[in-house]
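Here is a short report on helix packing and on a pocket. Please look over the sequence and the structure first.

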Amino acid sequence: MDKKELIFVVLFTVIIGIVAALPTGFEKQIYFNSEGVRARVLETDESTVYNIGLIAQGEQRGVIEIESGTHKGIQVEGVNLLTGRNEFDKMFNTGDEVWALLEFDQEGNIIFANLIDHYRINKELILIAIFAGLLVLFSGFTGVRTILSFAFALISIWKILIPLMLKGYDPLLVGLVIGNVLTVSTLLLVAGFTKKAYAAILAAVACSLVTAFMAVAFTKYFMIDGTVMQWSESLLYAGFMSLDLTGIFQAGIYLACSGAILDLAIDISAALDEIVMSNPAISKAELMKSGLRIGKSVVGSQTTTLLLAYMGSYISVMMVYMAQGTPMLNILNSKAIASEILHTFVGCIGLVMVSPLTSMICSLMYEVEGQTSLVNGSQRLIEETADVATGV
């Protein structure tokens, strides 16, 4: 890593810190006179819980010991309210760590303890530490730069993308700006200030614009709106009536495939960079042909990866349709499945375009370098021949 890249990494780390410190404008808590704490379940009481088929209703009570916050060490009775929906309900056992919401009176005394869910932060940190350790172990300093890129993406989405969308800014425009900033920063961190990085950036940004345009066009063509997204109507009921849910859906289509697009772009540009290093005199046409041949293999695997990523998150819905014997035409015409088809194939079209575009950009960027290397090599050969003749 040269000095320029080191300076960039340091500045990028500072930028991550600045973005992390930015206020979102939504820090105000909904619940007043309350505090979220970590607690441990000492005992449970299921006497008021009753089952109706597969669904449990009622409330589970238990004694918990608070392990964090202003009331650490105090034991209180907590309540786990069951709604009859298994996707939200949970049952606690003795010894479980839980996240509880404490409510206070005006004197600061606990009047109610709501058992929200199992406490998972420590387990999540362990998983993240394993990921980061393996990445640094096998990738060295490149792994560190990858972690910085990963952190910047998460913080940018949470601190900039989501707040701006909630404030009513055009979701597709915000998504494009944030997505392309992440693309540029990721590729510069991973590939450095090199021609392969610049070529990948140009190709990825161009394909992102095409993908966004297709997302808008086919959303209208399929007659799908943003309410197909989970929890979208909850935003309207929460007071954000002016939100453009369809625009958020379209921005999500682009963002979902932007990672695969930049991945494929850097794969092809890095491969072509190696070809130029091995053969600096390669012609523009041959370099582009090489990129297209590389793309044929990579695009097939990437599109399949994108398909599996989308369908994997929707497997339960497909199982429900099949279990009920729903005809295939009914399934394909349903709003939920049509939206996934839109997600999948718009993203795949964007991926297919990456290969020829990256190959063309690389052939243009490396052509001058190849010709210069050939001329310099020929000049050195002439000079060496002249020296030998003079010596003789």
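This is a predicted model: local features need pLDDT of at least 70, side-chain atom pairs count only at pLDDT 80 or more; totals for chains, interfaces and linings use all residues.

Residues are numbered from 1 along each chain as its sequence is written, and side-chain values use heavy atoms, without hydrogens and water.

**Helix pairs**

Helices here are DSSP runs (H or I, at least four residues), numbered from the N terminus. Axes are lines fitted to C-alpha atoms over the stretch in contact, and angles run from 0 to 180 degrees between N-to-C directions.

| Pair | Angle | Axes |
|---|---|---|
| α1 (3–21) and α3 (141–166) | roughly 30 degrees | within 10 Å |
| α5 (195–222) and α7 | about 150 degrees | 8 Å apart |
| α7 and α8 (284–312) | about 150 degrees | 10 Å apart |

The crossing angle of roughly 30 degrees makes α1 roughly parallel to α3 (angles under 35 degrees). α1 passes α3 in a left-handed crossing (the near helix is turned anticlockwise from the far one by less than a right angle; clockwise is right-handed). Contact means heavy atoms within 4.5 Å. Among the residues that make it are Phe-12 and Ile-16 of α1, and Leu-148 and Phe-152 of α3. By class, this contact has 11 nonpolar, three polar and three charged residues. Ala, Val, Leu, Ile, Met, Phe, Trp, Tyr, Cys and Pro count as nonpolar, Asp, Glu, Lys and Arg as charged, and the others, Gly among them, as polar.

α5 and α7 are roughly antiparallel (angles over 145 degrees). Their crossing is right-handed. The contact of α5 with α7 divides into 17 nonpolar, six polar and two charged residues.

α7 and α8 are also roughly antiparallel. α7 passes α8 in a right-handed crossing. The contact includes Ala-256 and Leu-264 of α7, and Gly-291 and Val-298 of α8. Its residues are 16 nonpolar, four polar and two charged.

**The largest pocket**

About 1,200 Å³ of space lies in the largest pocket. A pocket is an open set of points on a 1 Å grid where a 1.4 Å probe fits, with protein on both sides within 12 Å along at least five of seven lines; lining residues have an atom within 4 Å of a point. Its volume is the space filled by probe spheres set on the points.

The lining has 40 residues, and those closest to the centre are Ile-157, Leu-161, Gly-252, Leu-255 and Ala-256. α7 gives the most, with 12 residues. By class, the lining has 25 nonpolar, 13 polar and two charged residues.

Conventions: Helices (H or I, at least four residues) and strands (E, at least two) are DSSP runs, numbered from the N terminus. Angles under 35 degrees count as roughly parallel, over 145 as roughly antiparallel, 65 to 115 as roughly perpendicular and the rest as oblique.
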